[in-house]
Amino acid sequence: KYLSYVSSSRRPGRSDTVPVLVTPHGLKYVMFECTRYVLDTTVPGKFSAATVSVGVSRAEVCAGIRGLDPREWEARWDLVGPNAIPFHVDSLLDAAKKEFCRYYYVYQYAALG
């Protein structure tokens, strides 16, 4: 399924159609501008930015220094996903083709010849 999502808080009028994805545990989410928005179970059809609270004071943060139990880890992984920004990197050969076959380079090659 696809969802037309409008990000009114960050950029009024910015919209795009993105796929609604599902985690292995059934949590529905969308990725929009490198941010994960999770389906809000209290408001039908509303997606909210996924956040995890780690504490507001130094003592609360230090209390979690030993790590998470497996259930809490899975719940957070479902909510926020991996700490990565997905993007495609061209191979060296493809990048060289794209760079040196541009109009500017072709013009320069013709002028030198």
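**Exercise 1. In the hairpin of β4 and β5, which residue takes a positive phi, and how many residues lie between the strands?**

Solution. Start at the turn: the β4–β5 hairpin has 2 residues between its strands, and Glu 33 there takes a positive phi near 50°. Strands here are DSSP runs of E, at least two residues long, and helices are runs of H or I, at least four, both numbered from the N terminus. A quick word on the source: this is a predicted model, where local features need pLDDT of at least 70 and side-chain atom pairs count only at pLDDT 80 or more, while totals for chains, interfaces and linings use all residues. Residues are numbered from 1 along each chain as its sequence is written, and side-chain values use heavy atoms, leaving out hydrogens and water.

Next, walk out from the turn. β4 (residues 28-32) runs antiparallel to β5, and 4 bridges join them; two strands count as paired if DSSP finds at least two bridges between them. Met 31 has Arg 36 in β5 as its bridge partner.

**Exercise 2. Work out the strand order of the open sheet and find its edge strands.**

Solution. Take the order first: 4 strands line up as β3-β4-β5-β6, with antiparallel pairing. Then look for strands that pair on one side only: these edge strands are β3 (21-22) and β6 (47-49).

**Exercise 3. Which residue caps the N-terminal end of α2, and what follows the helix?**

Solution. Helix α2 itself covers residues 70-80 and includes Trp 73. After α2 comes Gly 81, with a positive phi near 75°.

**Exercise 4. Is Trp 73 buried, partly exposed or exposed, and what about Cys 34 and Cys 101?**

Solution. Trp 73 has 47%, so Trp 73 is partly exposed. Cys 34 comes out at 56%, so Cys 34 is exposed. Cys 101 is at 59%, so Cys 101 counts as exposed too.

Finish with the sulfurs. With a disulfide taken as a pair of cysteine sulfur atoms within 2.5 Å, the count is 0 disulfides.

Note on methods
Buried means under 20% relative accessible area, exposed over 50%, partly exposed in between (1.4 Å probe, protein chains only).
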